[in-house]
Amino acid sequence: MNSTQSRRVGLYGTGRAAAQLVGAIEASPHTLTTAMVFFDEQAGQDIGTLTGGRATGITATTDLVGAIRSGDFDVLAYAGLKGEVLHRAMELCADAGVDLVHACFVHPRVKLDPEMYSRLQTRAEGTGARIVGTGMLPALLSSALPAPVSIIGESCSDITAWGRGVLADEMGLGTLADGQPGPVGGVLHESAEMIADVLGLTGYESKVYGGYVTADAATEVAGIQISPGDRVGFDEAAMVVHDGRERVRIAWKGLPKGSFEGYERSLTVTAIGGDGSECTLSITPALDPYPGTAARIVHAVGALGALPGGQHTPMQLGI
């Protein structure tokens, strides 16, 4: 199956990513047939108006189990938060033979505990369900450089546009850091190990460092009141070391616009050849990440049809 063939899509979520997906699916060869939501008061409402757009004629349901088992869609586009609901949706889809695409992580072997990973893999292989995450992944074609190639990616994001729900519920802005691990270290760890896999590295060591950035003064971000000492952003990195040499390093800093003098959005990815030659890509990333999130999910909806049942990384999807 290629990405131009139509598939029936179920959508879970009502946030900014879901809002972008409603329009992106409509503009694609695929058809939105079902909408699932979390809150009871949203049940029975049109998913288009729930996400701030025009009516679609598709009413939302909170019955995740019934919807996935209904046979009304081939692939679930999951636009909810990471955690228990996502894990439940993955289990249900694996059992029902329904494909699932989400943007919560990229490397299931790294992200999921071994028991869950093994259980999902066995079920999905048995039913033919394909599960893939399309979360952020810094990557660069490096075939033009002599081996061994190393990859360094550095990103600075303005998190103001991410929306109150993500900033408050997933990142905990406005609360004390209390020594807790930062919000993106796990994502960076997945991406770093996936790049290491692409580079053909084995027997490497990987680690995550950094964490939350705390506020020096009172401020407000997306309606969230931030006091001195509260979480206001993050500054984290993941590294892969192979044969005593750093081969992959991915760093990501996310802060609200205007909170720190001189802070600017940027993205730089550098591939370094074994002879010291370098190839660098430097851009100013989009302020709003959600159209890109929706585009990756919609691409995967069609592209994963060519894969066997099981859990996959986005590197296995065709371009």
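**Exercise 1. Locate Ala286 and decide whether this residue is buried or exposed.**

Solution. Ala286 sits in the loop that joins strand E14 (278-283) to helix H9 (290-303), where helices (H or I, at least four residues) and strands (E, at least two) are DSSP runs numbered from the N terminus. The model is a predicted one, in which local features need pLDDT of at least 70 and side-chain atom pairs count only at pLDDT 80 or more, while totals for chains, interfaces and linings use all residues. Residues are numbered from 1 along each chain as its sequence is written, and side-chain values use heavy atoms, with hydrogens and water left out. With a relative accessibility of 60%, Ala286 counts as exposed, given that buried means under 20% relative accessible area, exposed over 50%, and partly exposed in between (1.4 Å probe, protein chains only).

**Exercise 2. Describe the setting of Ala222 and Asp243, each of which has a positive phi.**

Solution. Most residues other than glycine have a negative phi. Ala222, with a phi of about 50°, lies in the loop between strand E9 (219-221) and strand E10 (224-226), and is partly exposed at a relative accessible area of 32%. Asp243, whose phi is near 55°, belongs to the loop between strand E11 (231-242) and strand E12 (245-255), and is exposed at 71%.

**Exercise 3. Determine which residues line the largest cavity, and of what class they are.**

Solution. A cavity is a set of points, on a 1 Å grid over the protein atoms alone, where a 1.4 Å probe fits but cannot get out, and its lining residues have an atom within 4 Å of a point. The search of the whole structure finds one cavity of 30 Å³ or more, and the largest cavity has a volume of about 40 Å³, a volume being the space filled by probe spheres set on the points. Its lining includes Met90, His102, Phe105, Ile131 and His312. Strand E6 (130-133) gives the largest share, three residues. By class the lining has six nonpolar, four polar and no charged residues.

How values were computed. On a 1 Å grid over the protein atoms alone, a cavity is a set of points where a 1.4 Å probe fits but cannot get out, and a pocket is an open set with protein on both sides within 12 Å along at least five of seven lines; lining residues have an atom within 4 Å of a point. Ala, Val, Leu, Ile, Met, Phe, Trp, Tyr, Cys and Pro count as nonpolar, Asp, Glu, Lys and Arg as charged, and the others, Gly among them, as polar.
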